[in-house]
Amino acid sequence: ERTMDRRSEMDELRARRATEDAERKYRQKMLMEAQKKKRDMELLDEARRQQQEVRLEKQRLEAELKQEEYNNAMRHAYSMAERERAEEAYAKKKNAELIQNLQQQIEENKATKAVRDRQKFQEGGRIKQELAEERAKLEGIRDKMVADMKAKGINERYYGEMLSVDINRMLL
């Protein structure tokens, strides 16, 4: 019986050791699983953090790109507006020069026409004067001839025709 007790003690000791060993293995397994789960969670958290960083960086780059596009569009719009203003100013300047040139030509044409009209008027006066002088000269010659014919006693019917001649019509 002692041996039996001894064996039973030994069996009990072995069973307790086996249970402790099983419990130790179980705790070891649970600890390893907990550590693995912790590592997995850390990896998952790190992956999420990296994704978030990538997403934020992408958003930042997109915002920079949009800002750059906006800046380029504004520069282009400003450049176009400046060019249009310059073209408009140039066109206004050209129009003003054209108007000034046209007004100058009109004034020159008026002055030239006034000179021509004055010259025509003066020439008309001169011609009128010359015609009056010519008429007076011809009338003087006619009157002298008629007087000579009367003095010589020539028949009035010969010099009457001379008196009836319209000298004005002959001059025109």
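1. Burial. Of the 172 residues of the protein chain, 2% count as buried, where buried means under 20% relative accessible area, exposed over 50%, and partly exposed in between (1.4 Å probe, protein chains only). The model is predicted: local features need pLDDT of at least 70, side-chain atom pairs count only at pLDDT 80 or more, and totals for chains, interfaces and linings use all residues. Residues are numbered from 1 along each chain as its sequence is written, and side-chain values use heavy atoms, with hydrogens and water left out.

2. Overall dimensions. The radius of gyration of the protein chain is 67 Å, whereas a compact globule of 172 residues would have one near 16 Å. This radius is taken over C-alpha atoms, and the globule rule is 2.2 Å times the number of residues to the power 0.38. Along the principal axes, the C-alpha trace spans about 220 × 20 × 10 Å.

3. Secondary structure. The protein chain has 3 helices and 0 strands, and its elements run α-α-α from the N terminus on. Helices (H or I, at least four residues) and strands (E, at least two) are DSSP runs, numbered from the N terminus. Helix 1 covers residues 2-152.

4. Accessible surface. The protein chain has an accessible surface of about 15900 Å², and 54% of this belongs to carbon and sulfur atoms. Accessible areas come from the Shrake-Rupley method with a 1.4 Å probe; for residues, only the protein chains shown count as cover.

5. Nonpolar patch. L98, L102 and I106 make a nonpolar surface patch of about 260 Å². Patches are made of residues with over 30% relative accessible area and no salt bridge; like charges are joined within 9 Å, and nonpolar side chains (Val, Leu, Ile, Met, Phe, Trp, Tyr) within 5 Å. L102 lies in helix 1 and is partly exposed, with a relative accessible area of 41%.

6. The structure holds 18 salt bridges, a salt bridge being a side-chain nitrogen of Lys or Arg within 4 Å of a carboxyl oxygen of Asp or Glu. One of them joins K36 to D40, with the closest N and O atoms 3.1 Å apart. These two residues are 4 residues apart in helix 1, so about one helical turn separates them. K36 is partly exposed at 46% relative accessibility, and D40 is partly exposed at 38%. A salt bridge also links E87 and R83 (3.5 Å, N to O); both lie in helix 1, 4 residues apart, about one turn of the helix. E87 counts as partly exposed at 46% relative accessibility, and R83 counts as partly exposed at 46%.

7. Further salt bridges. The side chains of D143 and R142 meet in a salt bridge at 3.9 Å, N to O. D143 is partly exposed, with a relative accessible area of 43%, whereas R142 counts as buried at 17%.

8. The protein chain carries 41 positive and 37 negative charges, and their mean positions are 1 Å apart. Lys and Arg count as positive and Asp and Glu as negative; His and the chain ends are not counted. The place of a charge is taken as NZ of Lys, CZ of Arg, CG of Asp or CD of Glu.
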